[in-house]
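I opened this notebook to keep track of what I looked up in one structure, entry by entry.

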Amino acid sequence: MPELSKDLIALLGFLAPGFLMAWVFYAFTNFIKPAQFERIVQAVIFTVIVKVIVAIEEFFLVLIGTKWFALGQWSTDVELAAALTTAVVLGLIFSVAINRDWLHKLLRRVGGSQRSADPSEWGHIFSTYQQFVVLHLSEDRRIMGWPTVWPSSPESGHFFLTSAAWLGEDVDVDLVNDEGIVVSVKDVKFVEFVKKGLKENEQSKT
């Protein structure tokens, strides 16, 4: 295995906060990791953001230490620790903002965009319409339940339905003795969202 050059090691060390911030972001969102070149570009952008914030942190900490009390000496190790901590915090903030759709929700209100923060319409629909669904499976089978967990993509993953029931032409079979049921998205032809209150009304009648 060839040894890494000192310049490459220095570059990776410089971009470490950006890579860490990107790792946190992709770990807590539904976004798929991009290609290697795009990851490097993102790491550079995230590193610049982190470096700017760390510079602001240094300015205020030095100011506090000069005028009031000193917490310690600002050194290279302290700067690295501040950069890594800032990268984790920013990654978490960006993740929460994306998962809660804060920025795009504001843009939709002011007419700046019609898109959501979710990378696909699939995830946005399930996170917006939190209600009972009917999964239409192969061989004309149907199952209704509450999607406690749903796949982030319509191509792969599984549903976990609670309060589930098989729907038949003559009679419905409630899975009252089951905590839930797992269904592969590959077996689902399409998903039907039940109007809110309809499932509760049916249960009260029975």
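**Entry 1: the order of the elements.** I began at the N terminus, from which the elements of the chain run α-α-α-α-α-β-β-β-β-β-β-α. I noted six helices and six strands in the chain, where helices (H or I, at least four residues) and strands (E, at least two) are DSSP runs, numbered from the N terminus. I reminded myself that this is a predicted model, in which local features need pLDDT of at least 70 and side-chain atom pairs count only at pLDDT 80 or more, while totals for chains, interfaces and linings use all residues. Residues are numbered from 1 along each chain as its sequence is written, and side-chain values use heavy atoms, with hydrogens and water left out.

**Entry 2: the chain as a whole.** I then looked up burial and found that 28% of the 206 residues of the chain count as buried; buried means under 20% relative accessible area, exposed over 50%, and partly exposed in between, with a 1.4 Å probe and protein chains only. Among the contacts in the chain with a separation of 6 or more, 58% come from residues 24 or more positions apart, a contact being heavy atoms within 4.5 Å.

**Entry 3: T29.** Moving on, I found T29 in the loop between helix 1 (6-27) and helix 2 (36-67). Is T29 buried or exposed? T29 has a relative accessible area of 10%, so T29 counts as buried. Its side chain reaches the backbone oxygen of F25 at 2.8 Å, a polar contact being a pair of N or O atoms within 3.5 Å, where within protein one must be able to donate a hydrogen and the other to accept it, and residues adjacent in sequence count only if both atoms are side-chain atoms. Leaving aside neighbours within four places in sequence, T29 is in contact with S95, I98 and N99.

**Entry 4: aromatic pairs.** A search of the whole structure gave me eight aromatic pairs. Rings of Phe, Tyr and Trp (its six-membered ring) pair if their centres lie within 6.5 Å; planes under 30 degrees apart count as stacked, over 60 as edge-to-face and the rest as tilted. The rings of F25 and Y26 have centres 5.3 Å apart and planes at 80 degrees, so this pair is edge-to-face. For F126 and F193 the centres are 5.3 Å apart and the planes stand at 55 degrees, so this pair is tilted. F126 is buried at a relative accessible area of 3%, whereas F193, at 27%, counts as partly exposed. I also wrote down that F126, Y129, W150, F159 and F193 form one aromatic cluster.

**Entry 5: Q131.** I located Q131 in the loop between helix 5 and strand 1, and at 10% relative accessibility Q131 counts as buried. A polar atom of its side chain lies 2.7 Å from the backbone oxygen of V194. Beyond its neighbours within four places in sequence, Q131 is in contact with residues including W146, F193 and V194.

**Entry 6: the salt bridge.** How many salt bridges does a search of the whole structure find? The search finds one, the term standing for a side-chain nitrogen of Lys or Arg within 4 Å of a carboxyl oxygen of Asp or Glu. D140 forms a salt bridge with K189, the closest N and O atoms being 3.8 Å apart. D140 lies in the loop between strand 1 (133-137) and strand 2 (142-149), and K189 in strand 6 (residues 188-193), 49 residues apart. Both D140 and K189 are exposed.
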